[in-house]
Amino acid sequence: MTASILCRSTAKSRIAAVCAVAVAGTLLLTACGDQTDSGSTKTGGDTASKNSAPLFGKLPEKYQKAGVIKVGTNAEYAPMESVENGKIVGVDPDLAEALGKQLGVKFEFTSGSFDGLITALNTGRHDIAMSSITDNPQRQQGLDDNGKKLGKGVDFVDYFLAGTAVYTKKGNPEGIKSIEDLCGRSAAVQRGTTYEKALKKQSKTCTDGGEKAIDIQSFENDTEAQTRVKSGGAVAGVNDYPVALDLARKANGGKDFEVVGEQVDAGPFGIAVNKDNTELRDALKEAVDAIIADGSYKKVLDKWGAGTGAIDKAVVNGGK
């Protein structure tokens with residue numbers, strides 16, 4: 001899930017968390033707007049006064065008392081996060097469930113627009129954001145595509161690796177082999193993602209080389225971008241590699257799309273945390289390392305066919 005100030009992958013750098021599961025019904029239509037009942041997921045462990053979870057004592061008192069960590073996400077990126085039967089499911093929610101066992105609290109997911117997640121986090125609507133967000137210096141520093149300061153940025157706890165992928169209509173009628181083949185052609189992408197930034201970068205490379213710019217068609221959500229490719233309105237779409245693979249496998253029984261070429265610019269997905277919330281950040285890092293060590297991390301990735309994005313150790317702000 002690397003969006004320009006917030007991700008899912010950069011140039012495909014946004015290439016690729018969560019035990020009892022309880023579900024609440026709150027789908028945030030815009031990360032900065034009002035909420036409406038539609039789909040929310042709670043995961044986690046016991047928060048009794050004497051909590052026996054291994055890392056409960058590492059959490060700030062606020063979360064120990066509340067027993068909940070509120071998570072902002074954009075549930076449109078299967079297998080990482082999507083809505084099925086009113087519940088938010090996928091790699092990130094299952095990883096969060098595993099993290100909840102270590103920390104002894106529930107992770108409550110609420111879905112909203114991707115390009116508003118970091119703003120919503122820094123205004124206190126969410127405690128963390130977990131949505132296939134590519135960790136990069138731009139987001140760490142709160143900068144826009146032109147280097148203008150938009151906010152204080154966020155810290156990341158990196159937990160997954162993913163790169164950018166190009167997908168086309170099944171059969172690849174235009175013969176696209178890589179992102180370089182999109183010069184002078186149309187490409188669909190979700191607005192505010194790092195792969196939108198990747199398309200802009202490639203488009204400049206096209207024009208610098210004397211070719212035509214890419215006709216970048218940006219949409220509010222990824223479903224609209226997929227529809228554009230399926231209808232032939234764009235010759236290709238760009239997405240995180242695991243998301244593109246899942247789309248090609250499952251959409252209409254595998255009959256609608258295919259992934260072309262290899263993933264490029266692989267980078268870390270991170271759990272975004274307010275820069276002032278260092279205690280929570282560090283507790284999350286310990287929890288990620290703990291689920292890697294006990295095998296539950298690998299079990300979740302294997303369940304969703306996302307094992308290629310596995311890491312060996314959590315890192316804070318590892319995006320370069």
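In helix H6 (residues 222–231), the buried positions are Asp222, Ala225, Gln226 and Val229, where buried means under 20% relative accessible area with a 1.4 Å probe and protein chains only. Looking down the axis of H6, these buried residues sit within an arc of 100°, so they line one face of the helix; the arc is taken from the directions between the helix axis and the C-beta atoms. Helices (H or I, at least four residues) and strands (E, at least two) are DSSP runs, numbered from the N terminus. This is a predicted model, with pLDDT of at least 70 needed for local features and 80 or more for side-chain atom pairs, while totals for chains, interfaces and linings use all residues. Residues are numbered from 1 along each chain as its sequence is written, and side-chain values use heavy atoms, leaving out hydrogens and water.

At the N-terminal end, H6 is capped by Asn221, which puts a side-chain oxygen 3.2 Å from the backbone nitrogen of Thr223; a polar contact is a pair of N or O atoms within 3.5 Å, and within protein one must be able to donate a hydrogen and the other to accept it, with residues adjacent in sequence counting only if both atoms are side-chain atoms. After H6 comes Gly232, with a positive phi near 90°.

Turning to the strands, E12 (residues 186–190) and E13 (residues 215–219) run parallel and are joined by five bridges; strands pair if DSSP finds at least two bridges between them. Gln190 has Phe219 in E13 as its bridge partner. From E12 the chain passes through helix H5 (residues 194–208) to E13 in a right-handed β-α-β crossover, that is, clockwise from the first strand over the helix to the second with the strands pointing away from the viewer.

Key. Buried < 20%, exposed > 50% of the residue type's maximum accessible area, 1.4 Å probe, protein only.
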